[in-house]
Amino acid sequence: MLFNSIEFLLFLPIVFLLYWFACPTRRMQNLLVVVASYVFYGWWDWKFLLLIAFTTLCSYASGVLIERYEGSRRIQQYVSAANITVNIAVLCLFKYYNFFADSLAAVFRGMGYEVDWATLNVILPVGISFYTFQALSYTIDVYRHNIRPTRDVVEFFAFISFFPQLVAGPIERATNLLPQFQRNRTFTYEQGIDGFRQMLWGFAKKLIVADNCAIVVNEHWGMYSELSGVELFILVILFSFQIYCDFSGYSDIAIGCAKLFGIRLMRNFDNPYFSRSIPEFWRRWHISLTTWFRDYIYFPLGGSRCSKWKVIRNVYIVWAVSGLWHGANWTFVCWGLYHGTLLAIYNLLGVKTKYEHAAGYGRRLPSGREFLQILLTFVLVVLGFVLFRSESMSQAFGYWTCMFTHAFQSVGHLAGSTINALIYCASLLIIEWVRRARPHVLDLGDVRRPAVAWGICFVIAVLSYCLMANKLSTFIYFQF
């Protein structure tokens, strides 16, 4: 079920009313969350429910067994390793089997051997990477004694399947989300209104910016050889805003929706396009995933508390895995290694990337130095997104080649809708810069008059309806 669909606009108020008015106890609310979440997820294909239920039961059982064998660390290691192996195996089977089979066949062909590996014609379950990582973090945290395992199967199912963040995050930790299903929740008007406003801003980013950028990008990306260097750079800028507004828009809708049910989810984006370095960018983009890799892969490898070359090794490992997490294609792996290389360069040069304050702190505009840093970071991110958007490595290299060799080619191939999309992107940047100190743009606690606050929301709602693209589109990160 898509957030930007009529079905969801009917589904949400029904679940909201049942949750607060027909479920007098916490356990009944948790049970409703599970039922609603499985309806929400099964809307695509009911067979997906079997997979998420299997993942949930395995992770639940691992927590129970780890607690049962407290004092026997070796058995706890076997239990946690078994659950991690099972979940990774399921993820690899559905997401990566064909990728590895085809890649291995290509290696053998390169050596002169023709190998015909069997491939599976399976549908990639929506959001499998998200809920698998959430389940894995629970087992690891229980093993590390960061959280006590739950024996309430309903609240655990609610934790794994909570529908607002189920298919595209944020990837929640058990230490944050699970305890919220273990205590009573009360509805507050202020939290409900704040959630509604954050959802509205998420819809605005998706419908106005992301979907309109997508129209231009999808229409022209395949004809990159016919475009000038300037047009190609504009096109990948539009894709950069498309993926940002699509994904952060989903996160805003998810976080705002959760607030309607008395649940607090972690912030997933923090104005990443105002970052002054690549390390800062990754502290602000898809925060739930980058911190997951930091805590469960980077730190166990040694993190930054080892020699400089081992730190760089750790960075490359994390970013190779991060690239592969995003998709079963060498373009994603190379995109991860691209950012790993940039981070390694920052590390080798000893560039300061931890700042006391955000860019432009206490000022209306960034300093000249900050502006140049932001611009350089943005250009590096945009160039990397060529890999992310391309369907193959040959297309990515062809796009880069044309971008720099067609620099003086005449412009005029892009449609008039490009100007509109650029205006939407520029407007977004201005609004987010002005509101950068707030948790989200429509956090209107600083607006004293309620009529003004509601007027702003009304204008944004009208603009979202009037400026949205003509067709309903899915969210980009559903494929991951």
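User: Which residues of helix 18 are buried?

Analyst: This is a predicted model, in which local features need pLDDT of at least 70 and side-chain atom pairs count only at pLDDT 80 or more, while totals for chains, interfaces and linings use all residues. Residues are numbered from 1 along each chain as its sequence is written, and side-chain values use heavy atoms, with hydrogens and water left out. The buried residues of helix 18 are Ala-453, Cys-457, Ile-460 and Ser-464, where buried means under 20% relative accessible area and exposed over 50%, with a 1.4 Å probe and protein chains only. Helices here are DSSP runs of H or I with at least four residues, numbered from the N terminus.

User: Where do those four sit around helix 18?

Analyst: They are on the same side of helix 18, because they cover an arc of only 65 degrees around the axis, taken from the directions from the helix axis to the C-beta atoms.

User: And what is exposed on the other side of helix 18?

Analyst: Ala-451, Phe-458, Tyr-465 and Cys-466 are exposed there.

User: What do the buried residues of helix 18 pack against?

Analyst: They pack against helix 9 (189-220), with contact meaning heavy atoms within 4.5 Å.

User: New topic: which residues line the largest cavity?

Analyst: The lining consists of Phe-130, Tyr-131, Gln-134, Ile-160, Gln-165, Leu-166, Pro-170 and Ile-171, and helix 6 (residues 128-143) gives the largest share, three residues. On a 1 Å grid over the protein atoms alone, a cavity is a set of points where a 1.4 Å probe fits but cannot get out, and lining residues have an atom within 4 Å of a point.

Definitions and conventions: 1 Å grid on protein atoms, 1.4 Å probe; cavity = no way out; pocket = protein on both sides within 12 Å on 5 of 7 lines; lining within 4 Å. Helix = DSSP H or I, 4+ residues; strand = E, 2+ residues; numbered from the N terminus.
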